[in-house]
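Biologist: I am new to this structure and would like to learn how its features are read, one at a time. Could you take me through them slowly, giving the idea and then the case?

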Amino acid sequence: MYARVERESMTGETDTPAERGVWEPIEHRFRHLPVHLALLHTGKVLAFGGSGNDETRLHDPYPAELFDPRTGAVETVEQDLGGDLFCVGHAFLGDGRLLAAGGTYRYDGQLDLSSVPGLSELAGRLGLPNDPAFPPFSGLDHAYLFDPEDERWTRVQDLRAGRWYPTLVTMGDGSVLTAAGFTKHPPWVVLRKLERYTPGEGWSVLGGAGRWLPLYPRLHLLPDGTVFYAGSYNTHYTFPFSLRSFPTAVLDPNARTWTEYGLPNEEEREEGASVLLPFRPDEGYRARVLLAGGGTPTGDEAIADAEVIDLDASRPAWRSVEPMAHARYYTYAVLLPDGTVFVMGGRSGKKGHVHGVGYDPETGEVASAPNAVHEAERFDPETETWEPLAAMSVDRLYHAGALLLPDGRVLTAGSNPKRRVDERRIETYRPPYLFGGPRPTVDAAPETVTYGEGFEIETPDAGEIDEVVLIRQSSTTHCLDTDQRFVELPIDARREGALAVRLPDNPNLLPPGHYLLFVLVDGVPSVAPFVRVGAST
């Protein structure tokens, strides 16, 4: 059970759960650092981190785990893999399996360069840390599928090249596009070439579409089938990206061409978040992206800036909106069923591993960093404003993550302030809408829905339902989630005990896969069943 918590706001007024939500008492934990999180269509959360930022575990990585939010049970996936899944990319296939590609072939820092004369000064001019590790991480070329039904990994065809910190994004045809990542062998550069995984066929190179992109580039599939790159750079490897930031651009995978839209207004977005804002039918499923938080090169200063770009505008360009209340390195963003964007975690000031932070000798838990941000916030895409939410108990810094659960709560886990200091506690948040009145219910919905066809949702609240939305299951790591997307469905008709809705006929708007189906009354959502979106068979 959760406790009703009232706290004093910055204005001295009392905020209630209906205004700020509630963080539930911490009861559960993973056994290992959950660098990667994914919501499976069975309702369980898959968590894994391979060696977990511990070079001594490279050849003996930690196993994956499964957390059931309904029961609190944590199970270990007892399976040895042939490679280290630390810092892979991942995305869901149309059948609900998770594709994980890349990972760690070798850790960084095998050569000690700290004593080289003049190196610190040169590093500063180039945007490198003062004690650069050489060589950098090397990318693994493995690929695996995790099956939620039998809860096992299967190795599939290897990538054409090793990739450490790649991004994967599921396309409208069910294939998965893969971009960026450090190579397996010298010169350890970020790959230009793009690869595509087609289920049943394996990997192929998307010839002619190569482009220099930073590590874990923020990519999103747009309704016209193009792929949006949010620009600047994302991760803590700032060189050579600190010399030349990478402009926002859109890839046409059929023409294999890129169109550039310039840099964000605040181009230094290291460890920030990008989110596809809700697609709504009364707006023609307009594509907009929110960019929030991050920081400057080499970890000098966190920022609170936020920007929005409208990709349906005649001349798309980033537009600054109200900033967050808190500057955040490590910005974790989750789309909520009421259409707002929940943001949490991070730290102000300088970024990087937190020196001096370890395990509290009294509690045995990871100690809190002095500049960690605990207060959450949410962004309203309609008003483009932020409001404060309740503060969590645990730091969520590097190697943390957050995702939406079917019951409307948000789960967050992980944090790794420095190597071998691993936050394993799981914390869950109940947003304000869970205190907004009685929840509507879904009695029945189809297991599978087909593009362009109508279907019924059985609900005793049919007369009061004002929104029906689909939210794709999430898989997230490193402030990045290419899977999450929110699509409102138009309500065609009502009868006693049922709603008739129709699925859009555009697979680029709703890539094949599993989605949470929420019905809402005045912003209060139901518990969501999973439905599988795909073409008729």
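Biologist: Which strands each supply at least two residues of the lining of the second largest cavity?

Modeller: Before I answer, please keep in mind that this is a predicted model. A cavity is a space where a probe fits but cannot get out, and in this case the lining of the second largest cavity takes at least two residues from each of strand 9 and strand 14 (167-170). Strand 9 gives the most to that lining, with three residues.

Biologist: How much space does the second largest cavity hold, and which residues line it?

Modeller: Its volume is about 60 Å³, and the lining includes V88, G89 and H90, together with P166, T167, L168 and Y216. The residues S475, T477, L480, D481 and T482 also belong to the lining of the second largest cavity. By class, this lining has five nonpolar, six polar and one charged residues.

Biologist: How many cavities of 30 Å³ or more does a search of the whole structure find, and what is the volume of the largest cavity?

Modeller: The search finds four cavities of that kind, and the largest cavity contains about 80 Å³ of space. Strand 22 (273-276) and strand 26 (332-335) are the elements that give two or more residues to its lining. Among the lining residues of the largest cavity are A273, S274, Y332 and A333, as well as L480 and D481. The lining of the largest cavity divides into six nonpolar, four polar and one charged residues.

Biologist: What should I look at in the second largest pocket, and which residues lie nearest its centre?

Modeller: A pocket, unlike a cavity, is an open set of points. The second largest pocket has a volume of about 410 Å³, and of the 23 residues that line it, D60, P61, L81, G83 and D84 lie nearest its centre. Strand 9 (84-92) and strand 10 (98-106) each supply at least two residues of this lining, which divides into twelve nonpolar, seven polar and four charged residues.

Biologist: Turning to aromatic rings, how is a pair of them described?

Modeller: A pair of aromatic rings is described by the distance of the centres and the angle of the planes. In this structure, a search of the whole finds 19 aromatic pairs. One of them is formed by W23 and Y429, a tilted pair at 4.9 Å centre to centre with 45° between the planes. This pair links distant parts of the chain, since W23 is in strand 3 (residues 22-23) and Y429 in strand 32 (residues 425-430), 406 residues apart.

Biologist: Are W23 and Y429 buried or exposed?

Modeller: A residue is called buried when its relative accessible area is under 20%. W23 has a relative accessible area of 9% and is therefore buried, and Y429, at 0% relative accessibility, counts as buried as well.

Biologist: Why is the pair of F228 and W318 called tilted?

Modeller: The centres of the two rings are 6.1 Å apart and their planes stand at 55°, so the pair is tilted. F228 lies in strand 19 (residues 227-229) and W318 in strand 25 (residues 318-321), so this pair ties together parts that are 90 residues apart in sequence. F228 counts as buried at 0% relative accessibility, and W318 counts as buried at 7%.

Biologist: Which residues form one aromatic cluster?

Modeller: The cluster is formed by F86, Y107, F137, W164, Y165, F182 and Y216. F86 also takes part in another kind of feature, for its backbone oxygen lies 2.8 Å from a polar atom of the side chain of T104. T104 is found in strand 10 and is buried, with a relative accessible area of 1%.

Biologist: What joins the side chains of D338 and T340?

Modeller: A polar contact of 2.7 Å joins those two side chains. D338 lies in the loop between strand 26 and strand 27 (341-344), and at 19% relative accessibility D338 counts as buried.

Biologist: How far apart are R378 and V334 in sequence and in space?

Modeller: They are 44 residues apart in sequence and 9.2 Å apart in space, C-alpha to C-alpha. R378 has its place in strand 28 (residues 375-380), and at 12% relative accessibility R378 counts as buried.

Technical notes. Residues numbered from 1 in each chain as written. Predicted model: local features only at pLDDT ≥ 70, side-chain atom pairs only at ≥ 80, totals over all residues. Heavy atoms only, no water. 1 Å grid on protein atoms, 1.4 Å probe; cavity = no way out; pocket = protein on both sides within 12 Å on 5 of 7 lines; lining within 4 Å. Points joined across faces, edges and corners; volume = space filled by probe spheres on them. Helix = DSSP H or I, 4+ residues; strand = E, 2+ residues; numbered from the N terminus. Nonpolar A, V, L, I, M, F, W, Y, C, P; charged D, E, K, R; others polar. Phe/Tyr/Trp six-rings, centres within 6.5 Å; stacked < 30°, edge-to-face > 60°. Buried < 20%, exposed > 50% of the residue type's maximum accessible area, 1.4 Å probe, protein only. Polar contact = N/O pair within 3.5 Å; in protein donor to acceptor, adjacent residues only side chain to side chain.
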